[in-house]
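Student: Could you show me how to read a sheet and a helix from a model?

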Amino acid sequence: MSSVLQPATPGQDHQAPPAAGIYRPVSSHLAIAPPVSVVIPAMNEAENLPYVFKTLPGWVHEVVLVDGNSTDDTIAVARALWPGVKVVEQRGRGKGDALITGFGACTGDIIVMVDADGSADGNEIVSYVCALVSGADFAKGSRFANGGGTDDMTFVRRLGNRALCAVVNRKFGARYTDLCYGYNAFWRHCLDRIDLDCTGFEVETLMNIRVVKAGLRVQEIPSHEYLRIHGVSNLRAVRDGLRVLRVILRERSNRRALRRRGRHRSPMLDSVLDPALDPVAGEIS
């Protein structure tokens, strides 16, 4: 059973519910108004896309395929499977760069991240969307929450993920059960709060850390990760684990720097930044 992991900051404003308009039927007893965009970063995934698109619900607003300079028929297959697919060419390199590119092309109020290797079940999207429309800002997939699972994790990767997750929970006050998983969904306005600047695989960890630092409401969604259907993963446990650790340490250092800056800032500087704090300015106004 999922639970809210990060309480909202008191007085924090969240995106208001959309005005009545087009409602998309999700099931016989559920309909939603917010348009949902699905972002799929892909490079040479033509053989896997039929499995990915087969599970995507028909009620999603748009599918954004970010093509990382594929040399196979990835784009042609995507267009044949989903005629309205929005294809965006990736200019840079890395999964983070692909996701940031895809996010920029989305027009929906809700954005869902789905891998192109067939490991994610698109039927789970409804659980993510339900969490968001029920009040969460960020719906985070977890393979280790009650009801989740994985068919594609070695002992070394499982151990590394657990250790890194424990570090993030301790250092940033999170309560995650999974850290390095790319099946997530969020309201588009969250992008303004987390300011992504990471081009590699570790972008998922960066997002998980920054939503907590921003005080956004996070809800874990139990998810099952399946084996990649075709091809070979570019994931390397040790190399990518070290990159994730560097992101954690960098974010922790940034947090400490901000705290030190706040402690050493002079009252005069505060009054310049915010005239309301200057008693003289207050008397004049």
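The talk below goes through the sheet, then a helix.

Tutor: Ground rules for this predicted model: local features need pLDDT of at least 70, side-chain atom pairs count only at pLDDT 80 or more, and totals for chains, interfaces and linings use all residues. Numbering starts from 1 along each chain as its sequence is written, and side-chain values use heavy atoms, with hydrogens and water left out.

Student: Okay, in what order do the strands of the open sheet sit?

Tutor: General idea: strands of a sheet pair through backbone hydrogen bonds, parallel or antiparallel. Helices (H or I, at least four residues) and strands (E, at least two) are DSSP runs numbered from the N terminus, and two strands pair if DSSP finds at least two bridges between them. Here seven strands make an open sheet in the order 5-4-3-6-9-7-10, with mixed pairing. Strand 5 (86–89) and strand 10 (218–222) each have a single partner strand, so one side of each lacks a neighbour in the sheet.

Student: Which pairings of strand 7 are parallel or antiparallel?

Tutor: With strand 9 it's antiparallel over three bridges, and there Phe138 has Phe186 as its bridge partner. With strand 10, strand 7 pairs in the parallel sense over five bridges; Gly141 stands opposite Ile221 there.

Student: And is strand 7 buried or exposed?

Tutor: In a regular strand the side chains alternate between the two faces of the sheet. Buried means under 20% relative accessible area, exposed over 50%, and partly exposed in between (1.4 Å probe, protein chains only). For strand 7 (residues 138–142), five of its five residues are buried: Phe138, Lys140 and Ser142 on one side, Ala139 and Gly141 on the other.

Student: Now helices. How far apart are the end C-alpha atoms of helix 5?

Tutor: The expected span is 1.5 Å times one less than the number of residues. The 18 residues of helix 5 (residues 155–172) should therefore span 26 Å, and its end C-alpha atoms are 26 Å apart, which agrees.

Student: Which residues of helix 5 are buried?

Tutor: An α-helix has 3.6 residues a turn, so residues three or four places apart point the same way. The buried ones in helix 5 are Asn161, Leu164, Cys165, Val168, Asn169 and Phe172. Down the axis of helix 5 they fall within an arc of 140°, so they line one face; the arc is that of the directions from the helix axis to the C-beta atoms. Turned away from that buried side are the exposed Phe155, Val156, Arg162 and Arg170.

Student: What comes just after helix 5?

Tutor: Gly173, with a positive phi of about 75°.
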